[in-house]
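Here is a short report for a reader meeting this structure for the first time. Please look at the sequence and the fold together.

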Amino acid sequence: MQDLPNTGRNDSSPEPKKRRVSRKVPIDMVLQVQIAAAEPRDREALKKRLRKQITCCEINEITTSGLTALNQCVLDGNYESVKMLVELGANVNKRDRFGWTPLHYAASEGYEKICRYLLRNGANLRVENKDGKFPVEVTDDEIILRILLRATLIFNMPPMDKASLKHSC
């Protein structure tokens with residue numbers, strides 16, 4: 001029989017307690033996983049559950065990747081997650097560390113549905129990123145370009161009621 005190496009511990013001594021390491025999971029990951037698993041009819045229950053989960057974190061926080069949760073969901077093209085984050089109070093005009101807003105990412109990636117949704121929920125067309133570019137300047141998509149130009153014209157007009165704005169985007 002082989003001798004076991006002496007670890008210097010007495011067999012009767014208690015095991016040292018392991019410290020539990022708290023790992024912060026990005027809110028966009030939590031949200032996207034839960035939305036993917038949820039049934040459409042469970043949307044309100046999911047929203048209540050998520051409200052409880054996000055009370056411990058700032059929904060508009062810039063993560064270690066330099067993005068906000070909303071910017072990451074827009075970049076991923078996850079429309080349902082974008083909607084849920086906005087409903088939970090995410091700021092549609094929050095810039096990330098690159099100066100980009102969710103509308104910059106939606107325009108750049110060609111996500112028409114997300115662009116329309118962000119505009120309907122108050123996205124500002126006049127926000128420049130760190131390179132001095134507006135959302136209309138970062139898109140190559142003709143449809144999105146028309147949407148953004150039309151919205152720019154509307155925002156340059158005298159104030160309109162919110163119902164008129166929703167029908168124009």
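This is a predicted model: local features need pLDDT of at least 70, side-chain atom pairs count only at pLDDT 80 or more; totals for chains, interfaces and linings use all residues.

Residues are numbered from 1 along each chain as its sequence is written, and side-chain values use heavy atoms, with hydrogens and water left out.

**The whole chain**

The protein chain has eight helices and zero strands. Helices (H or I, at least four residues) and strands (E, at least two) are DSSP runs, numbered from the N terminus. Of the 169 residues, 37% are buried. Buried means under 20% relative accessible area, exposed over 50%, and partly exposed in between, with a 1.4 Å probe and protein chains only. The chain exposes about 11300 Å², and carbon and sulfur atoms supply 51% of that area. Accessible areas come from the Shrake-Rupley method with a 1.4 Å probe; for residues, only the protein chains shown count as cover. Take the contacts (heavy atoms within 4.5 Å) between residues at least 6 apart in sequence: 65% of them join residues at least 24 apart.

**Helix pairs**

Two packed helices are described by the angle between their axes and the distance between the axes. Axes are lines fitted to C-alpha atoms, for helices over the stretch in contact, and angles run from 0 to 180 degrees between N-to-C directions.

| Pair | Angle | Axis distance |
|---|---|---|
| α2 and α4 | about 60° | 11 Å apart |
| α4 and α6 | roughly 10° | within 10 Å |
| α3 and α5 | roughly 10° | within 9 Å |

Angles under 35 degrees count as roughly parallel, over 145 as roughly antiparallel, 65 to 115 as roughly perpendicular and the rest as oblique. The helices α2 and α4 are therefore oblique to each other. Arg-43, Leu-46, Lys-47, Leu-50 and Arg-51 of α2 meet Glu-80, Lys-83, Met-84 and Glu-87 of α4. By class, this α2 and α4 contact has three nonpolar, no polar and six charged residues. Ala, Val, Leu, Ile, Met, Phe, Trp, Tyr, Cys and Pro count as nonpolar, Asp, Glu, Lys and Arg as charged, and the others, Gly among them, as polar.

The pair α4 and α6 is roughly parallel. On α4, the contact uses Tyr-79, Val-82, Lys-83, Val-86 and Glu-87; on α6, it uses Lys-113, Ile-114, Tyr-117 and Leu-118. Here the classes are six nonpolar, no polar and three charged residues.

Helices α3 and α5 are also roughly parallel to each other. Leu-70, Asn-71, Val-74 and Leu-75 of α3 touch Pro-102, Tyr-105, Ala-106 and Glu-109 of α5. That contact has six nonpolar, one polar and one charged residues.

In α6, the residues Ile-114, Cys-115, Tyr-117, Leu-118 and Leu-119 are buried. Gly-122 follows α6, and its phi is positive, near 95°.

Asn-129 sits in the loop between α6 (112–120) and α7 (142–156). Is Asn-129 buried or exposed? Asn-129 is buried, because its relative accessible area is 6%. Beyond its neighbours within four places in sequence, Asn-129 contacts Phe-98, Gly-99, Trp-100, His-104 and Val-138.

Gly-89 lies in the loop between α4 and α5 (102–109). With a relative accessible area of 43%, Gly-89 is partly exposed. Leaving aside neighbours within four places in sequence, Gly-89 is in contact with Ile-59 and Asn-60. Gly-89 and Asn-60 are 29 residues apart along the chain, with 8.5 Å between their C-alpha atoms.
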